Amino acid sequence: MAVERPQVIRVGDRVIFDGVEQQVVALSGGAVRLVASSGATSVVALPYLLAAPDFAVVGVTAPTPRIAPVGLLEALPEPVVQAARDWERHLVEMETGLAPDAPEGTRARPEYDPLLHPLHEREQAKAAELSAMGIKASVRTVQRMRHRYREQGLWGLVDTRYTRRAKPTGNVDARVVAAASAVIDAQTTTSTGTRSRVIEQIKRLLDDEHGPGVVPVPSKATFYRLLEVLSVGRHTFGSAVTRRQIANRPDGVFTATIAARPGEQVQMDGTPLDVMAVMDDGRIDRPELVAAIDVATRTICAAVLRPVGAKAMDAALLLARMMVPEPMRPGWSQALAMSASRIPHRRLVDVDTRLELAAAKPVIVPDTVVIDHGRVFLSEVFLRAADTLGISVQPAHQQTGTDKAIIERTFKSINTLFCQHVAGYTGPDVTHRGSDVADRAVWSMADLQEMLDEWVIAGWQSRPHEGLRHPFTPDRPASPNDAYAALVAAAGYVPVALSGEDYIELLPVKWRAIVDGGVQIDYRTYTCPELRSYSGYPSPVATRQHQWEVHYDPYDVTRVWVRDHYQGGWIMAPWSHLSVVVQPFADFTWRHARKIAAQRGVDATNETAVAVVLAALLQRAGQGPGPTDRALARTRAATTMRNHLPPGLLPAVAFSSESAEFDSPGEQASDPEVVAEASVTSDQHAHEPPEEEGGDEPEPLEGTVVGFGLFDPFSDDQEGLVR
């Protein structure tokens with residue numbers, strides 16, 4: 001017969017464990033010896049026995065005591081909680097004879113004395129007492145409340161009207177809720193609309209699935225409340241960009257990306273910079289930033305600016321640049337040197353003497369780089385460069401920014417900590433953009449790159465980051481340089497930075513013959529005494545005949561490196577016209593200068609003439625375009641759009657940018673083609689002679705003396721000739 005007593009385990013009790021009824025034959029400390037009916041003996045740890053899902057003591061009806069959910073009780077109104085406590089007092093008195101708050105020595109009232117009356121008589125007496133107090137309670141009610149108290153404790157005595165779970169969608173038909181959820185899901189990739197549009201789509205979906213008028217639809221106000229509930233946190237009627245980003249979040253639990261040593265994981269990505277800059281051709285545009293950041297130390301390993309449209313070569317060069325020391329630049333404060341930082345400079349100099357004059361940014365050799373699925377990073381050039389350096393490439397999931405959340409957040413930090421303080425700042429989007437951004441753009445891309453490099457050293461590497469905490473000082477954030485110093489000591493090793501020769505090996509290659517004048521690439525001649533000694537020599541590579549291996553930096557084509565197969569090493573050959581153009585320039589800038597020279601009637605294969613045009617181009621780029629140039633650029637853009645109209649919509653008289661009238665003679669703008677497009681021109685096209693543009697001027701009369709004209713490269717006159 002079942003008995004009512006508190007649940008305890010004694011020797012001789014029978015319990016259910018592991019699906020079998022067994023008897024307790026011994027208790028020793030935290031171990032219980034059990035014997036099954038089959039005679040099998042087992043020793044089980046007491047906590048393991050009590051935690052078993054099917055554990056129960058045979059013959060005991062008293063349930064396991066339940067702890068009252070204090071947090072839920074605190075959320076209820078005080079009168080409701082007090083009513084539950086009153087019921088608890090009555091039930092305890094009915095079962096034990098004494099109320100829980102009865103003073104010590106109090107005797108039980110006769111009608112509730114367990115020695116005088118059985119339980120059913122005490123239940124009747126309590127029901128009568130509650131009825132006399134004005135509380136509607138029958139014997140059945142008392143029994144029900146007693147059972148709920150035994151099962152749920154104090155929470156079972158609370159008025160159920162206050163414990164019901166809320167229904168977010170109310171009493172709306174489940175078919176309407178399902179249709180509304182489907183329509184809201186379909187809004188993820190569409191343009192943001194109004195709630196009335198979504199309501200109409202829901203009604204059409206219900207009619208298509210269940211028939212017209214079969215499903216009752218709620219009122220407009222209820223519909224609005226339903227949409228408000230179902231679209232919480234999804235931005236269904238907000239920003240379309242945010243809506244797509246939320247939809248692309250992974251289903252799993254968010255976990256922090258953790259790296260235990262520098263270079264264990266490096267994240268790479270590219271984004272347009274929120275600053276208008278003066279491009280090399282004088283145009284105003286936003287450059288593209290390609291950067292890499294180390295997860296363990298938050299060090300910006302490398303950051304490169306280039307015109308919009310990064311190439312595979314840019315990503316490969318980024319790998320090379322992040323693995324060589326950042327040199328101190330002229331004009332930088334000595335406080336930015338590595339020797340003045342917390343980086344273990346002396347120990348690193350013993351490993352690599354190049355760090356003696358390096359800036360305060362550690363050289364981090366990555367083990368793994370995380371990239372997105374952009375063509376730049378999945379190109380053969382980038383993958384081969386990573387394989388050469390022994391770097392593992394890990395692509396992120398498509399449309400999943402959380403896989404490389406650190407580099408994405410770093411881009412936002414660069415915009416807020418650096419870009420917004422630079423003249424020409426555009427803001428994060430057009431709604432935050434000023435009306436005179438283009439007029440404020442005064443920095444060339446080269447100047448902007450120089451400022452960004454200095455800011456990384458001065459404003460990022462020494463700035464404490466909330467995501468960096470030292471185990472011994474968890475209450476104080478650390479800077480990337482502090483984190484590098486701590487993790488290098490913990491890792492116990494320092495990776496050797498990429499040597500200068502290794503850096504040259506990663507640069508793009510051209511095969512050229514060495515002649516008396518040197519080597520020529522895209523009508524640029526490079527020469528030096530060491531190179532001239534190999535003039536006319538056959539190539540050391542048998543398959544190349546007279547062509548030698550030449551490496552060049554597409555961002556600085558003022559010099560090249562020729563592999564010396566006989567003496568070993570490299571021969572650095574500067575550009576022969578470097579004295580004319582005293583500043584570095586990129587390959588695409590040279591190609592644009594050749595186009596300008598050809599448009600002005602200058603021989604684009606004449607290296608000296610193109611060098612003069614290039615010098616003028618870089619000078620004008622530093623000054624920025626004037627109002628006339630901006631107006632002409634808009635005119636050409638409008639003309640280009642007009643020429644794409646169908647022939648039937650064009651007027652009888654054709655109009656082109658070449659025949660346009662300008663405000664003043666000789667103020668025609670330069671070629672509006674995108675500079676980056678010229679950088680991908682093949683060598684075969686680069687060596688083709690420019691098209692002849694003569695024949696437009698009338699033949700001079702016989703006997704007329706015509707001067708040669710003087711070429712002024714620093715003039716805005718596209719004709720470039722002063723008669």
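Biologist: What is the relative accessible area of Ala128?
Modeller: Ala128 lies in helix H4, residues 119-132. Helices (H or I, at least four residues) and strands (E, at least two) are DSSP runs, numbered from the N terminus. Buried means under 20% relative accessible area, exposed over 50%, and partly exposed in between, with a 1.4 Å probe and protein chains only. Ala128 is partly exposed because its value is 49%.

Biologist: What separates the C-alpha atoms of Ala128 and Val139?
Modeller: This is a predicted model, where local features need pLDDT of at least 70, side-chain atom pairs count only at pLDDT 80 or more, and totals for chains, interfaces and linings use all residues. Residues are numbered from 1 along each chain as its sequence is written, and side-chain values use heavy atoms, leaving out hydrogens and water. Ala128 and Val139 are 11 residues apart along the chain, and their C-alpha separation is 8.3 Å.

Biologist: How many salt bridges does the structure hold?
Modeller: A salt bridge is a side-chain nitrogen of Lys or Arg within 4 Å of a carboxyl oxygen of Asp or Glu. One of them joins Arg161 to Asp159, with the closest N and O atoms 2.6 Å apart. Arg161 is exposed at 57%, and Asp159 is partly exposed at 29%. The total for the structure is 23.

Biologist: Which residue is the salt-bridge partner of Arg234?
Modeller: The closest N and O atoms of this pair are 2.4 Å apart. It links distant parts of the chain, 49 residues apart: Arg234 is in the loop between helices H8 (220-230) and H9 (240-247), and the partner is in helix H6, residues 174-186. Arg234 is partly exposed at 29%. The partner, partly exposed at 42%, is Asp185.

Biologist: What is phi of Tyr523, near which angle?
Modeller: Tyr523 is also in the loop between E16 and E17, and is buried at 10%. Most residues other than glycine have a negative phi. Tyr523 has a positive value, near 65°.

Biologist: And near which angle is phi of Arg298?
Modeller: Arg298 lies in the loop between strand E9 (288-294) and strand E10 (300-306). Arg298 counts as buried because its relative accessibility is 18%. Its phi is positive as well, near 60°.

Biologist: Which side chain of opposite charge is nearest to Asp564?
Modeller: Asp564 sits in the loop between strand E19 (556-563) and strand E20 (570-574). Lys and Arg count as positive, Asp and Glu as negative; His and the chain ends are not counted. Asp564 is buried and has no salt bridge. At 9.5 Å, the nearest side chain of opposite charge is Arg563.
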